[in-house]
Amino acid sequence: MSPAPTKRYWTIRASSIHNRGVFARCDIPEDVPVIEYVGERITKAESKRRGDALIHKSKKTGCAAVYVFTLNQRHDIDGAKGRNPARYINHSCAPNCEAFIIRGRIWIYSLRPIKAGEELTYNYGFDADTWDEHPCRCGTERCVGFIVEEKQWPKLLKKLQKVEADAKLGKLGLNGGGSTSRRKKKGA
Ligand SMILES: [Zn+2]
């Protein structure tokens, strides 16, 4: 019983969210596998090594795209190399797709019926602890401003409220000032 799509549902073109995106080339029914996220299967140790190298690169060049997808407790999938059009799917705070892991493979499923021409999106599921490293430009009404797993939105909100409170105190000169520009970068 393979979840392979019965037809090619997608096409790649320029996106208003970010760079290139993946779009529905025809109407897509709800709850079907739209595209597989393929890549190299790597151990967590290798994944960490590549992640560290990317952080190093981004500090030098200001940009580095991460295409590592968590597969299970021991392995990840690095979709950066080779043919993996699913890597162009952008994040959204109101996504129309979701990633599922089925027997060691990653499938992007439609969450609802999708009209031809709509951009395909899913929630990248990033951790709230690294929120300020990943601003979101999905432009939806539900946008929380950062790429964070929906389950962790309450945690993100608390962090944002704290930043806002700190900024207000800074403006009033109650905490020595300057706190608005003093954003901590965790994990970098
Ligand atoms: Zn958003």
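Asp 31 lies in the loop between β2 (20-24) and β3 (33-37); helices (H or I, at least four residues) and strands (E, at least two) are DSSP runs, numbered from the N terminus. This is a predicted model, in which local features need pLDDT of at least 70, side-chain atom pairs count only at pLDDT 80 or more, and totals for chains, interfaces and linings use all residues. Residues are numbered from 1 along each chain as its sequence is written, and side-chain values use heavy atoms, with hydrogens and water left out.

**Overall fold**

- The protein chain holds two helices and ten strands.
- Read from the N terminus, the order of elements is β-β-β-β-α-β-β-β-β-β-β-α.
- The protein chain has 188 residues, and 35% of them count as buried. Buried means under 20% relative accessible area, exposed over 50%, partly exposed in between (1.4 Å probe, protein chains only).
- Take the contacts between residues at least 6 apart in sequence: 66% join residues at least 24 apart. Contact means heavy atoms within 4.5 Å.

**Zinc site and cysteines**

- Four SG atoms coordinate the zinc ion, those of Cys 93, Cys 136, Cys 138 and Cys 143, at 2.3 to 2.4 Å.
- Donors are N, O and S atoms within 2.8 Å of the metal (3.2 Å for Na, K and Ca); water is not among the atoms, so sites may look incomplete.
- The site is tetrahedral, with angles of 103 to 113° among the four donor atoms. Four donors count as tetrahedral if all angles lie between 85 and 135 degrees; four count as square planar and six as octahedral if opposite donors are over 155 degrees apart and all others between 65 and 115; anything else is irregular.
- Along the chain, the donors are spaced as C-x42-C-x1-C-x4-C.
- Cys 138 is buried at 11% relative accessible area, whereas Cys 143 is partly exposed at 27%.
- Cys 97 is buried too, with 1% relative accessibility.
- The whole structure contains zero disulfides. A disulfide is a pair of cysteine sulfur atoms within 2.5 Å.

**Helix α2**

- Helix α2 covers residues 153-172, which makes 20 residues.
- From first C-alpha to last, α2 reaches 29 Å, close to the 28 Å expected at 1.5 Å a residue. The expected span is 1.5 Å times one less than the number of residues.
- Trp 153, Leu 156, Lys 159, Ala 167 and Gly 170 are the buried residues of α2. They sit on the same side of α2, because they cover an arc of only 120° around the axis. The arc is that of the directions from the helix axis to the C-beta atoms.
- An α-helix has 3.6 residues a turn, so residues three or four places apart point the same way.
- The other side of α2 carries the exposed residues Pro 154, Lys 158, Lys 162 and Leu 172.

**Loop residues**

- Most residues other than glycine have a negative phi.
- Asp 31 is not a glycine, yet its phi is positive, near 60°. Asp 31 is exposed, with 55% relative accessible area.
- Arg 103, also not a glycine, has a positive phi of about 45°. Arg 103 belongs to the loop between β8 (97-102) and β9 (105-110). Its relative accessible area is 62%, so Arg 103 is exposed.
- Asn 84 is placed in the loop between β6 (75-78) and β7 (90-91). Asn 84 is buried, at 3% relative accessible area.
- Beyond its neighbours within four places in sequence, Asn 84 is in contact with Glu 36, Tyr 37, Val 38 and Gly 79.
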